[in-house]
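Let's take a friendly walk through this protein, with an eye on its pockets and one of its helices.

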Amino acid sequence: MTTVVYDAENCIIDMHGHAGAGEYGHDIVCAGLSALWYALKTTASAQRESLLPIILEAPGDVRMTFRPTADGRIIMDTIANGLEALSIEYPEHVNFQKIGG
C-alpha cells in the first residue's frame, strides 16, 4: 500500500510504500501515482525560482515541499486531488491523508 500525506498549509506531499496492485511494470495504480509525482516534480522544477522546491526521492519514498505561495498551493492542490481520486478508486492500494488547509 502507498500512503500519501498532504500537508496543504505547508505545501508538502509525502508518499511512502508501494501500491502492490500488480506485477512490477504492470501496476496501474503505481503508474498513476508515478505520473502525478513526475507532473509535480516537473512543474516545481520549472518554477524553481518562485517555489524553491525541496525534492527527496528514494525507492518507495518521495517527499516534496515548496514555498506556500498562492501558485504553489494551486499546484499542490491539483496534484493532491489526483492522488485522493486514486485513493477513492483503489482504497486497498492507496491511503490518502490531508492535513490542514
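Which residues line the second largest pocket?

## The second largest pocket

Keep in mind as you look that this is a predicted model. The second largest pocket is lined by His18, Ala19, Gly20, Gly22, Glu23, Tyr24, Gly25, His26, Asp27, Cys30 and Ala31. By class, that makes four nonpolar, five polar and two charged residues. The volume of this pocket is about 170 Å³.

## The largest pocket

The largest pocket comes in at about 350 Å³. Its lining counts 17 residues, and those closest to the centre are Gly17, Cys30, Ser34, Gly60 and Val62. Sorted by class, the lining holds nine nonpolar, six polar and two charged residues.

Several elements contribute here: β2 (12-16), α1, β3 (54-58) and β4 (61-65) each give at least two residues to the lining. Helix α1 provides the largest share, with five residues.

## Helix α1

Now for the helix itself. With 19 residues (28-46) at 1.5 Å a residue, α1 should span 27 Å, and the 27 Å between its end C-alpha atoms agrees with that. Where the helix starts, a side-chain oxygen of aspartate 27 lies within 3.1 Å of the backbone nitrogen of valine 29.

Which residues of α1 are buried? They are Val29, Leu33, Leu36, Trp37, Leu40 and Ala44. These residues cover an arc of only 100 degrees around the axis, so they sit on the same side of α1. On the face turned away from that buried side, you will find the exposed residues Ile28, Thr42 and Ala46.

Terms used: Residues are numbered from 1 along each chain as its sequence is written. This is a predicted model: local features need pLDDT of at least 70, side-chain atom pairs count only at pLDDT 80 or more; totals for chains, interfaces and linings use all residues. Side-chain values use heavy atoms; hydrogens and water are left out. Helices (H or I, at least four residues) and strands (E, at least two) are DSSP runs, numbered from the N terminus. The expected span of a helix is 1.5 Å times one less than its number of residues. Buried means under 20% relative accessible area, exposed over 50%, partly exposed in between (1.4 Å probe, protein chains only). The arc is that of the directions from the helix axis to the C-beta atoms. A polar contact is a pair of N or O atoms within 3.5 Å; within protein, one must be able to donate a hydrogen and the other to accept it, and residues adjacent in sequence count only if both atoms are side-chain atoms. On a 1 Å grid over the protein atoms alone, a cavity is a set of points where a 1.4 Å probe fits but cannot get out, and a pocket is an open set with protein on both sides within 12 Å along at least five of seven lines; lining residues have an atom within 4 Å of a point. Grid points are joined across faces, edges and corners, and a volume is the space filled by probe spheres set on the points. Ala, Val, Leu, Ile, Met, Phe, Trp, Tyr, Cys and Pro count as nonpolar, Asp, Glu, Lys and Arg as charged, and the others, Gly among them, as polar.
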